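The sequence and the coordinates are shown first, and the discussion follows.

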Amino acid sequence: MDPVIVVGAGPVGLSLSLALARLGVPSVVLDESTGQEDTRPARTAVLHQDTAAFVGRLGCADTLESDGTRWTAWRTMRRRRLLERIAFAPPAPEGAAPATAVSPVHLPQHALTRALRAALAHEKLAEIVTGSRLAGLEQDEQGISAHTRGTNGTWWHGSYLIGCDGPRSTVRKLLDIRFPGRTAVERHAVAALRCELPWPGEALLHRSPPRHGGGPGSEVSARPLPDGIWRLDWLLPPGRELVTPDALVARIRDSLAGWTTEPPADTAGADGGAAPARGRGHGRLVPPYELLDTGVHTVHHRLARRWRRGRAFLAGDAAHLLGALGTQGLDEGLRDAENLAWKLGLAWHHGACEVLLDSYQAERRGAVAARLRAADQALPLLRDGRSARWRTVLPGAVRGRSTLLTDGHLSRGPLGAPPVYARTPLAPPVTGPAVETLPGAAVTDVPVTASDGSVVRLRDRLGQGLLVVLVAPGTGVWDRRHWQSAGLMPRLADAVDALPMAAEILVTEAYPGAAAHTVLLVRPDGHLVTALSGVRPAEMAACADAVRGRAYGQDGEPGRARRPEGTGESGVSRDGGAGRGGVGQGAAGAGEPGERAAGGGGAGASGAGEGEHGAGGAGEHRNSAVDPARTSVLHSEDD
């Protein structure tokens, strides 16, 4: 078959290409740029446990350690009062139980992109083509073709195509997919600087600080990076007023002076030491700092109405924009890549199953829509200073506004917790005993023993196929020559060999909420399929078939799937001739359901046109609700 075409060489596109290469699927990455990543210290990424593990498995673990930092604690303050301090445990070593609170990894985005490019350069099944600007798409039952212009302008033929080309996605526009939502939901002034703060290694969220106004809507965060560098973010008031360099420097000085303890009596500003702060707080001085980078970050909330048209898919910022209240857009983009990669791997090697490919949109769009709805509900209550009935609007968020904001930053609660694919089309036809992990949720990263006797983390084995985890207390002290041929292991090995997809057996001493001899089936992206009591070969086979999307076909018939009829070379393919005929530019085939515009008004700023930070294409709704409130987590194509 032809390779997979990935449009866009940002972190999401590069991660997707790497994940495909690890699955034996060739890909070509069309990069519109020259391939040189700008060094912007103020543009950083926060990767939580699951996405950091995904990037680490792709060969970037060393970069996460060298260029990133894990915070020792998270502080939440309001005015001058410390509301909460969450201490983070270091990552659990192999063989140890998982820590209850683990810090995310904070690193410059250019460092992550360069590491992904370097890892991709060593993959024989992947190629990055710079100077390739997408100009047209054509697809039919045999494959999909992309026409590029630029120094490498030509026709590229592929089996599938994924648009990872950002908010102004050309792929999305060529596919005629609307991108409704809200413009300028929030704006932040951002600065990267080298300095010393009173809480070394600890991240800070400071609401209503006593300086620069201290109003109910003011907020500043400080997050450490390696080498004494900090990223500071100030929430800007509504409007489009320009943030001048003088105004930004005044914010920096004001915040640093407000956080600094009283200086020694002999501290002076004329000899290169701290300089007097302007504004309130006359007894405090601004500590020395080196300003490295600045910017203004505008947050939009948008959600593509469809994430798939035929053989073309959307991922990352091309499919969704979010980021208010601490939510992480890159986190969600990397989850898109991990979710789609293993499904495309199965389709490429074994033939396309429509249920499997459609599940990408059902799972990922549903998860992001739920995140955006939670943020849209919380925004007016957290940003306008009113407290009336906010707990009833956000049931479950009863611990206060500051804790709700912290949840978004620390991957907890409705704003930040990893997604649960509870209503996935790939749900198994059988259910087993309850464990602490719900079916469809991400599994706990427990230590496991592999078939070669090595003890690793469960997340280290993800990405290749189905994982079959046996809970067997006491096996850690046995010699593997004995436990591999004793008890349930021979029967389990026979059952795994008979599964309709590749699978690996792992053994763990314990799993939260699981009894001895429980068998856990885990998808390649780390989400639990189900738990079974003991070895049940028929039920295991049915679950594996459901994961492949073949348990129930499009018409409700078991095992019904559709395989692409075209075949081709497994290497990267292009030619200078005309592309495949068929659907035509931007089309996705006849008979697909129509789409309705999202309804409802938006809370964000309105404005005609895209503007400097806009994200939509022609004809897209600018400030409609991202997803109608009180809708199902799973949406039909014409919702």
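Which β-α-β unit do β1, helix α1 and β2 make, a right-handed or a left-handed one? In this predicted model, strand β1, helix α1 (residues 11-22) and strand β2 make a right-handed β-α-β unit.

**Strand β1 and its neighbours**

Strand β1 (residues 4-7) is covered on both faces, with Val-4 and Val-6 buried on one side and Ile-5 and Val-7 buried on the other. This division can be set beside a general rule, namely that in a regular strand the side chains alternate between the two faces of the sheet. Strand β1 pairs in the parallel sense with β2 (residues 27-30) over four bridges, and its pairing with β12 (residues 160-163) is likewise parallel, over four bridges. Ile-5 stands opposite Val-28 in β2, while in β12 the residue opposite Ile-5 is Leu-161.

| Strands | Sense | Bridges |
|---|---|---|
| β1 (4-7) and β2 (27-30) | parallel | four bridges |
| β1 (4-7) and β12 (160-163) | parallel | four bridges |
| β3 (44-47) and β7 (105-108) | antiparallel | four bridges |

**The sheet β3-β7-β4**

Three strands form an open sheet in the order β3-β7-β4, with antiparallel pairing. Its edge strands are β3 (44-47) and β4 (69-70), each of which pairs on one side only. Helix α2 (residues 49-67) lies across β3, β4 and β7 and runs at about 60° to β7.

**Helix α13**

Which residues of helix α13 (residues 537-547) are buried? They are Met-540, Cys-543, Ala-544, Ala-546 and Val-547, where buried stands for a relative accessible area under 20%. Because these residues cover an arc of only 160° around the axis, they lie on the same side of α13.

Just after α13, Gly-549 takes a positive phi of about 80°.

Key. Residues numbered from 1 in each chain as written. Predicted model: local features only at pLDDT ≥ 70, side-chain atom pairs only at ≥ 80, totals over all residues. Heavy atoms only, no water. Buried < 20%, exposed > 50% of the residue type's maximum accessible area, 1.4 Å probe, protein only. Helix = DSSP H or I, 4+ residues; strand = E, 2+ residues; numbered from the N terminus. Arc of directions from axis to C-beta. Pairing = 2+ DSSP bridges. Right-handed = clockwise from strand over helix to strand, strands pointing away. Contact = heavy atoms within 4.5 Å. Axes fitted to C-alpha atoms, helices over the stretch in contact; angles between N-to-C directions.
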